[in-house]
Amino acid sequence: MGASLTVADSKRAFHQAFPYVIAPLYRRLVDELLVELHLLSRQKGFARDALFATGLTQVFDSFAKGYRPESLQEPLFVALCASAGFDAAEFRREREAAVQMVGKHSLEEVRGWLSAQGEGAPEPIAGVLEQVKRPDFHYSRLFAVGLLSLLQQAQGAGSLEPQALQASAHEISATMGLLKERVDKDLSLYAGNLEKMAQAVELMEETVAADRRRRQRQAEELTARQEVSAKAATETPALSGEGAASEASETSPSSEPAAPSASR
């Protein structure tokens, strides 16, 4: 992106690419990622790599879970990335390559590569760790999330408790040259916010389901009332010709004159 572009320019570009109403539950996610991507794109020491791509896609996919309509979830991610001059599809490819590579190795192997700052590691992990060694390397919370996400993909990681994996990420981050305190804070905030988001999505879905049931019940009650009214209308007997004549003869005055009274 051009050096003169501002956050407002990025927001304008985003809304042009994604001209849809965003539910309040997801607006904070969109705003935070939009601003973060804009600022990172202007940092001289920032370099996009597989670790960053993994962290970004993991954060978006986790917090955008439940976004409706679902068909707009990926276009939302594409618009966010494009607003800062990034390619969402490329981020997806980089993450997939890293996940597939890590998934072929044990957790201990992956720990060893990261602790040794890339020695013996295959790509793209070796390239990631080379970036971290740079003196002008610019850290982002998305690197911490990416580190944790890749550890979760290693063989044997599924048998560990989430807290144990997070502790491993904390330890490895220090040997990689990252600030352990910063990584601890970022991963703790990520886990806490993810739990809150999951609860909010669950509440939203329950509310939507309850509203759907209420409207369905009202529609069924209206249909039932209409059926009762229609049935009552068809069952009301119309007066037949004979019945009408009989009723008329009973109610109309006699055509014969009354007999005169006797005179005295």
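**Aromatic pairs, core and pockets**

Both Tyr 26 and Tyr 67 are buried (under 20% relative accessible area, with a 1.4 Å probe and protein chains only). The model is predicted, with local features needing pLDDT of at least 70 and side-chain atom pairs counting only at pLDDT 80 or more, while totals for chains, interfaces and linings use all residues. Residues are numbered from 1 along each chain as its sequence is written, and side-chain values use heavy atoms, leaving out hydrogens and water.

Because Tyr 26 belongs to helix H2 (residues 24–41) and Tyr 67 to the loop between helix H3 (50–63) and helix H4 (73–83), the pair ties together parts that are 41 residues apart in sequence (helices are DSSP runs of H or I with at least four residues, numbered from the N terminus). Elsewhere, Phe 46, Phe 52, Phe 86, Phe 91, Phe 137 and Phe 143 form one aromatic cluster.

The loop between H3 and H4 also holds Pro 69. The peptide bond leading from Arg 68 to Pro 69 is cis, with omega near 0°. In general, most peptide bonds are trans.

The largest nonpolar core has 66 residues (buried Ala, Val, Leu, Ile, Met, Phe, Trp, Tyr and Cys joined through side-chain atoms within 4.5 Å). Within this core, Phe 14, Phe 52, Leu 56, Leu 114 and Met 176 touch the most other members. Leu 114, apart from its neighbours within four places in sequence, is in contact (heavy atoms within 4.5 Å) with Ile 125, Leu 129, Leu 147, Leu 151, Ile 172, Thr 175 and Met 176.

Finally, there are the pockets (on a 1 Å grid over the protein atoms alone, open sets of points where a 1.4 Å probe fits, with protein on both sides within 12 Å along at least five of seven lines; lining residues have an atom within 4 Å of a point). Among the 18 residues lining the largest pocket, Arg 28, Glu 32, Phe 63, Arg 141 and Asn 193 lie nearest its centre. Two or more lining residues come from each of H2, H3, helix H8 (141–153) and helix H10 (180–235), and H10 gives the largest share, 8 residues. The lining of the second largest pocket includes Gln 58, Ser 149, Pro 162 and Tyr 190. Here H8, helix H9 (162–176) and H10 are the elements that give two or more residues.

Methods:
Buried means under 20% relative accessible area, exposed over 50%, partly exposed in between (1.4 Å probe, protein chains only). Rings of Phe, Tyr and Trp (its six-membered ring) pair if their centres lie within 6.5 Å; planes under 30 degrees apart count as stacked, over 60 as edge-to-face and the rest as tilted.
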